[in-house]
Amino acid sequence: LVSKMDAAEVLTEVRYRAVTIFVIVFVLILCVAGVISYLYQTRRLEDRKRVEEEIRKLNRELEARVRLRTAELSVAVRDLEAFGYSVSHDLKAPLRAMTGFANILAEDYAPKLDDNGRRVIGVINDNARRMGQLIDDLLKLSHLGKQAMSISSIDVTALVRSVCYELREELFRDRSIEVSLKALSPAQADPMLARQIFTNLISNAMKFTACKEKAVVEIGSYDKGRERVYYVKDNGAGFDMKYEDKLFGVFQRLHTQEEFGGTGIGLAIVRSAVLRHGGRVWAEAEAGQGATFYFTLPKGG
Amino acid sequence: MNNHEKVEVLLVEDNPNDVELTLRALKKNNLVNDIHVVTDGAQALEYVFCAGAYSGRDIKVPPRVILLDLKLPKVDGKEVLRRIKSDERTKAIPVVVLTSSQEERDVIASYQLGVNSYIVKPVDFEKFVNMIAELGLYWVVINKQPVA
């Protein structure tokens, strides 16, 4: 049979067979590659689905935890509100009775009272008045914590000018205070809280310079690294730095009522407001030389 | 008390100390002679609407002004305010809320109910007396009201 075909035909036959085999093998390889690729993809898809399911589960758990915490906080806030409401109403009524009836005593029984008697009544009245002031201040602090913040870009120069004007008109009309306004960069903050911070610090600066002949208050800002620092500096009574950790406590004072009036709530409010913005507040001073109060706010503008 | 006499001031206040202080302050300034005091919300409504113990009263002869505390037993101050201001026969009576509460929601709620004035009682007695005197002067003497 081989003799029937000649060499050329055999070669062609072989070539034909070789190509066929080659094509078949090639197709087989492609198929195998396809199958492997498919299996791989499926595996990856399964992995991805598993991961996504894991993430969804974690999210659900997180949301459940957030809901629980929010519920806890809501209860706490409501309790605080009830407390504040109660404080304002129920504590003040007896105070009013105390001052009122002490006055009735003073007026109706005046002839029967000697100087000491009148002095004693004065003490009762003063203390009742003071307690009323303390209650009002505590309410201010609690009110501050309750309100939600609305952040916006604040023109600090305009704000400080307005605060200084208001303070001078209302509290320090009869004093001559030199106020030096340096460059004040804008801040990203809640306008009411920012106003409260500056009002308390500048009012303190003005108050504690009453003992100096020439009262100077300087207000400015500077950037340090990623922080924007604002400062209020005065040349007033100052304080001893060893008491600096008492500065921002509620109702903490470093002076007596005779030296300087006040309840010691101003700086506690400043600290609370600054912390709510994620900032920090600190002070430097020297007794008799003056004090500088610093605080940071998010950069604005 | 003569139910037919025209009353200048109806004082609605449950705290006896505050009643004593308010009466003293009003009388001190010779502003009013006829003050009637009720000590809870239910009595206040009976008085204003001439019902119950006050059914002998004439609803066409209302008090010149009602001084109303918000926190009252039985019927709450806001409810009393609502009832007075939503009745045609009584809504013209000036109502001055006199309270210890300076909570914003109380102020808003009172004004929405039609209160004429909202005053926060000061703790300091002298300020309280001056304030009552001013209130009395304003609502009883200065402010013009329609002739009953």
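This is a predicted model: local features need pLDDT of at least 70, side-chain atom pairs count only at pLDDT 80 or more; totals for chains, interfaces and linings use all residues.
Me: Where do I start with chain A and chain B? How many residues of each are in contact?

Reply: Start with the count. On the chain B side, 22 residues are in contact, and they touch 20 residues of chain A.

Me: How much area do the two chains bury between them?

Reply: First the general idea. Interface size is often quoted as the accessible area that is lost when the parts come together. Now this case. Chain A and chain B bury about 2,000 Å² between them. Carbon and sulfur atoms account for 51% of that area.

Me: Which three residues supply more than any other three of the area that chain B buries?

Reply: They are B:Arg24, B:Lys71 and B:Val123. Together they supply 30% of what chain B buries against chain A. Keep B:Arg24 in mind.

Me: How many salt bridges cross the interface of chain B and chain A?

Reply: The rule finds three there. Over all chains, the whole structure has 25. One of the cross-chain pairs is B:Arg24 with A:Glu107, whose closest N and O atoms are 2.8 Å apart. B:Arg24 sits in helix α1 of chain B, residues 16–28, and A:Glu107 in helix α2 of chain A, residues 92–108, so this pair joins two chains. A salt bridge also links the side chains of A:Arg96 and B:Asp18, at 3.0 Å from N to O.

Me: How do I describe the way α2(A) and α1(B) cross?

Reply: A packed helix pair is described by the angle between the axes and the distance between them. For α2(A) and α1(B), the axes come within 10 Å and cross at roughly 45°. The two helices are therefore oblique to each other. Their crossing is left-handed.

Me: Which residues of α2(A) and α1(B) meet?

Reply: From α2(A) come A:Arg96, A:Ala97, A:Gly100, A:Phe101, A:Ile104, A:Glu107 and A:Asp108. From α1(B) come B:Asn17, B:Asp18, B:Glu20, B:Leu21, B:Arg24 and B:Lys28. By class, this contact has seven charged, four nonpolar and two polar residues.

Me: Now a pair inside chain B. At what angle do α2 and α3 of chain B cross?

Reply: At roughly 15°, with the axes coming within 9 Å. That makes α2(B) roughly parallel to α3(B). The crossing is right-handed. Helix α2(B) contributes B:Gly41, B:Ala44, B:Leu45 and B:Val48, while α3(B) contributes B:Val80, B:Arg83 and B:Ile84. Five of these contact residues are nonpolar, one is polar and one is charged.

Me: And inside chain A? How do α5(A) and α6(A) pass, left-handed or right-handed?

Reply: The crossing is left-handed. Helix α5 covers residues 191–207 of chain A and helix α6 covers residues 266–276. Their axes come within 9 Å and cross at roughly 145°. On the α5(A) side, the residues in contact include A:Leu193, A:Ile197 and A:Leu201. Those on α6(A) include A:Leu267, A:Val270 and A:Val274. The contact divides into eight nonpolar, four polar and one charged.

Methods. Residues are numbered from 1 along each chain as its sequence is written. Chains are lettered from A and ligands numbered from 1 in the order in which they are written. Side-chain values use heavy atoms; hydrogens and water are left out. Axes are lines fitted to C-alpha atoms, for helices over the stretch in contact, and angles run from 0 to 180 degrees between N-to-C directions. Helices (H or I, at least four residues) and strands (E, at least two) are DSSP runs, numbered from the N terminus. Angles under 35 degrees count as roughly parallel, over 145 as roughly antiparallel, 65 to 115 as roughly perpendicular and the rest as oblique. A crossing is left-handed if the near helix is turned anticlockwise from the far one by less than a right angle, and right-handed if clockwise. Contact means heavy atoms within 4.5 Å. Ala, Val, Leu, Ile, Met, Phe, Trp, Tyr, Cys and Pro count as nonpolar, Asp, Glu, Lys and Arg as charged, and the others, Gly among them, as polar. Buried area is the accessible area (1.4 Å probe) that two parts lose on being put together, summed over both. A salt bridge is a side-chain nitrogen of Lys or Arg within 4 Å of a carboxyl oxygen of Asp or Glu.
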